[in-house]
Amino acid sequence: MNKTSLAESLPPVFQEKSKVEPTKTIIQLDDVNINYGSFTAVKHASMEIYEHKVTAFIGPSGCGKSTVLRSINRMNDLIRGATLDGRVLFNGEDLYAKDVDPVLIRRRIGMVFQKPNPFPKSIYENIAWGARVNGYRGDYDELVETSLRSAALWDEVKDKLKQNALRLSGGQQQRLCIARTIAVQPEVILMDEPASALDPIATSRIEELILELKKDYTIVIVTHNMGQASRVSDYTAFFMVDQNRTGYLQEYEETEQLFLNPIHKKTEEYISGKFG
Amino acid sequence: MQNSVSFGSEENLLSMMERRRKAGVVWQAVFLFSTSLAILFLILLLFSVIDSTFGFAAIRYEKKPSELMVGKSQLSDFSRQELEETAKTHLSSGILRRVEYEKPIADRTDKDLIGILEQYVLQPSVLRTWGLWASLTKQGEINEYLFDQGDAVLTFKSWLTIDFLFADQSANPLYAGIRTAMLGSLWIILITFLFAFPIGVGSAIYLEEYAKPTRLTRLLQLNIFNLSAVPSIIYGLLGLAVFVRAMETFTSGSLFSGVADTTANGRTILSGGLTLGLLVLPIIIINTQEALKAVPDSLRMSSYGIGATKWQTIWGQVLPVSIDRILTGTILALSRALGETAPLVVIGASTFISVDPSGIFSKFTTLPIQIYQWSARPQGAYRNVAGAAIIALLILLMALNSSAIILRDKLSKKKRMEA
Ligand SMILES: Nc1ncnc2c1ncn2[C@@H]1O[C@H](COP(=O)(O)OP(=O)(O)OP(=O)(O)O)[C@@H](O)[C@H]1O
Ligand SMILES: [Mg+2]
């Protein structure tokens with residue numbers, strides 16, 4: 001798709017949207033620097049993420065979007081050599097404080113990955129397993145149904161819950177991954193390019209789903225698709241890289257603001273497709 | 001055009017093509033040759049085993065049935081009463097006592113009695129045996145031999161029989177069997193499995209999932225690789241020093257009260273199983289590590305992503321998808337242990353025992369040791385017995401290997417379908 005024409009087509013989308021109602025801050029990055037060994041991947045990132053809003057991370061490849069996203073639920077802990085300084089606050093608590101268990105954090109801040117990666121188990125087990133390991137004691141059948149309904153997948157799979165999840169289509173698999181994240185009842189869902197491996201129809205279903213889910217969850221989504229960012233997000237963070245390949249947060253605004261009146265020239269060039 | 005210049009003229013291209021094609025043909029021929037050679041040797045091996053397992057045997061009996069009962073040329077012509085009578089009069093008192101002790105003569109079947117009378121009264125002994133090939137081709141020579149011997153009887157024998165599998169050792173090759181050795185092998189393998197599987201899989205999980213890649217773990221890894229290449233006899237020496245000698249009170253069972261059979265002095269099934277366990281441990285570790293490496297990281301990430309702990313991730317996600325490869329590799333490692341001879345000889349496996357192992361503190365012999373020992377005997381007939389035992393061992397190994405393959409297919413099919 002031609003990106004210049006896309007930028008021109010943006011205004012009508014925004015005309016339908018009302019001004020974003022402010023809500024409380026759920027996550028706050030406070031001068032976050034992230035290193036992989038001696039390489040600084042992201043520096044001086046500070047931002048607030050608001051409850052029940054969709055926040056999009058955009059920016060050129062390698063600018064550290066995924067890195068920042070993973071720092072929010074401490075998935076970076078699993079990468080050898082990754083270190084973070086600065087503070088990441090979740091409901092006012094420092095996620096990187098000594099006594100915080102990353103396992104508990106990841107239940108409350110779930111993650112959906114770029115490549116659909118359901119467990120090689122039945123559809124039912126995909127949902128139930130996460131609940132079970134987190135000590136869920138309710139009705140599993142009900143949990144599976146409500147989770148699949150929330151992920152708009154129930155009608156397609158209700159007759160084959162025992163079937164292996166790997167036999168679903170890519171788009172269905174990704175919605176299953178969202179359902180299994182929902183099943184452990186998180187407050188925040190992080191999505192790293194959740195639709196980039198999907199065809200346009202599956203992509204638009206994911207986008208509809210995101211708009212639906214933000215009623216109950218706070219969503220942070222990384223995307224390379226400007227149209228997607230403008231369609232689903234309330235706020236957009238634009239990341240850039242400096243000459244050392246270190247990423248930084250260039251601009252963070254309400255999405256409409258950022259797309260229509262970017263403050264920085266780089267931002268404007270990026271969203272109009274001049275580089276990236 | 002630029003291209004055609006740098007690739008040479010049309011003619012050059014054609015002649016070069018000819019050379020390239022020829023090189024391919026030559027290599028293909030080399031590969032074909034080596035494959036055929038391998039198959040040829042395999043066939044030779046099979047042939048030599050089969051050759052010694054079937055064939056004619058010249059047998060001489062000490063007594064003829066007619067000498068026992070006038071007018072009867074075969075034991076099977078005897079009446080029940082005649083059989084019992086002959087047993088009581090002709091068996092030596094020692095043997096009679098043993099036979100009566102195991103089961104009173106009156107309670108034994110006719111077939112049973114005939115077998116006993118044949119073995120202890122008629123007393124067949126093998127004069128000479130011929131392989132299958134010789135039996136089929138050297139009829140003249142065989143007849144000549146029989147003629148020279150006078151009273152020898154020629155029978156075509158399959159040395160591998162059901163009785164052979166269930167009989168114990170014997171000084172007479174006609175009555176020797178592999179039950180004791182087979183039970184020894186199975187016991188040993190059981191101990192090997194119980195020892196090496198949990199420890200091997202556990203170490204592999206630690207190395208693959210937990211250990212940080214420090215210099216120490218790299219050193220450890222290197223050592224495991226080297227250990228898997230150490231000749232098995234060295235494991236035998238290790239087992240002798242550690243299990244048989246140093247840990248004797250434990251491996252002989254004398255540590256545990258109530259164990260009567262402590263005559264083995266640490267040369268027990270337990271020591272043998274632990275020694276072979278050490279031998280296959282590095283193989284199981286390496287194989288399990290490979291199986292764990294094959295599990296994509298994305299699976300682990302998605303598990304962590306919903307709040308699973310490390311152990312929940314390993315137990316609930318990683319092991320279920322790798323268990324088929326882990327088990328297959330373990331079975332193959334065990335089948336290697338099943339065929340091992342040298343380390344068991346070093347730790348002092350018995351070569352001649354006719355008492356079945358009754359537990360982990362018993363003396364033992366195993367199939368390969370039995371085969372080795374039989375083939376070293378001077379009497380030719382033992383070579384036929386060894387051949388039969390080899391076939392039994394090969395069948396056992398093949399059963400193990402195919403169960404590994406079946407298991408793998410079953411599990412991976414289940415994983416794929418999970419209907
Ligand atoms: N596991 C890792 N180890 C070392 N360096 C890494 C690792 N992951 C990412 N990096 C580096 O950190 C920088 C930021 O990477 P990151 O994946 O966060 O970028 P991104 O914005 O998500 O890019 P993309 O849009 O291509 O997904 C890059 O320079 C990358 O090479
Ligand atoms: Mg990324």
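This is a predicted model: local features need pLDDT of at least 70, side-chain atom pairs count only at pLDDT 80 or more; totals for chains, interfaces and linings use all residues.
User: Where do I start with chain A? How many helices and strands are there in chain A?

Analyst: Start with the inventory. Chain A has 11 helices and 10 strands. Then take its radius of gyration, which is 19 Å, close to the 19 Å that the globule rule gives for 276 residues. Chain A is therefore as compact as a globular protein of that length. Its C-alpha atoms fill a box of roughly 55 × 45 × 30 Å along the principal axes.

User: What share of the residues in chain A is buried?

Analyst: Buried residues make up 54% of the 276 residues. Look at contact range as well. Take the contacts in chain A between residues at least 6 apart in sequence: 69% of them join residues at least 24 apart.

User: Now chain B. What radius of gyration does chain B have, and what would a compact globule of 419 residues have?

Analyst: Chain B has 30 Å, whereas a compact globule of 419 residues would have a radius near 22 Å. The box of its C-alpha atoms is roughly 105 × 75 × 50 Å, again along the principal axes. The inventory of chain B is 19 helices and three strands.

User: What do burial and contact range look like in chain B?

Analyst: Of the 419 residues of chain B, 41% count as buried. For contacts in chain B with a separation of 6 or more, 73% come from residues 24 or more positions apart.

User: How is a pair of packed helices described?

Analyst: Two values do it: the angle between the axes and the distance between them. Take H15(B), residues 297-305, and H16(B), residues 310-339. They pack at about 140°, with axes 10 Å apart. Angles over 145 degrees would count as roughly antiparallel. H15(B) and H16(B) are therefore oblique to each other. The crossing of H15(B) past H16(B) is right-handed.

User: Which residues of H15(B) and H16(B) meet?

Analyst: On the H15(B) side they are Leu299(B), Arg300(B), Ser303(B) and Tyr304(B). On the H16(B) side they are Lys310(B), Thr313(B), Gln317(B), Val318(B) and Val321(B). Sorted by class, this contact has four nonpolar, three polar and two charged residues.

User: Give me a second pair. At what angle do H10(B) and H18(B) cross?

Analyst: Their axes cross at roughly 145° and come within 8 Å. H10(B) spans residues 179-210. It contributes Ala181(B), Met182(B) and Ser185(B), while H18(B) contributes Leu367(B), Pro368(B) and Gln370(B).

User: Let's go to single residues. Is Thr365(B) buried or exposed?

Analyst: Read the relative accessible area; under 20% means buried. Thr365(B) has 0%, so it is buried. It lies in the loop between H17(B), residues 342-346, and H18(B), residues 367-375.

User: What is Thr365(B) in contact with, leaving aside neighbours within four places in sequence?

Analyst: Its partners are Thr180(B), Ala181(B), Gly184(B), Ser185(B), Ser350(B), Thr351(B), Ile353(B) and Gln370(B). Ala181(B) and Ser185(B) also take part in the contact of H10(B) with H18(B).

User: And Arg20(B): buried or exposed?

Analyst: The cut-off for exposed is over 50%. Arg20(B) has 54% relative accessibility, so it counts as exposed. Arg20(B) lies in H2(B), residues 10-53.

Key
Residues are numbered from 1 along each chain as its sequence is written. Chains are lettered from A and ligands numbered from 1 in the order in which they are written. Side-chain values use heavy atoms; hydrogens and water are left out. Axes are lines fitted to C-alpha atoms, for helices over the stretch in contact, and angles run from 0 to 180 degrees between N-to-C directions. Helices (H or I, at least four residues) and strands (E, at least two) are DSSP runs, numbered from the N terminus. Angles under 35 degrees count as roughly parallel, over 145 as roughly antiparallel, 65 to 115 as roughly perpendicular and the rest as oblique. A crossing is left-handed if the near helix is turned anticlockwise from the far one by less than a right angle, and right-handed if clockwise. Contact means heavy atoms within 4.5 Å. Ala, Val, Leu, Ile, Met, Phe, Trp, Tyr, Cys and Pro count as nonpolar, Asp, Glu, Lys and Arg as charged, and the others, Gly among them, as polar. Buried means under 20% relative accessible area, exposed over 50%, partly exposed in between (1.4 Å probe, protein chains only). The radius of gyration is taken over C-alpha atoms; the globule rule is 2.2 Å times the number of residues to the power 0.38.
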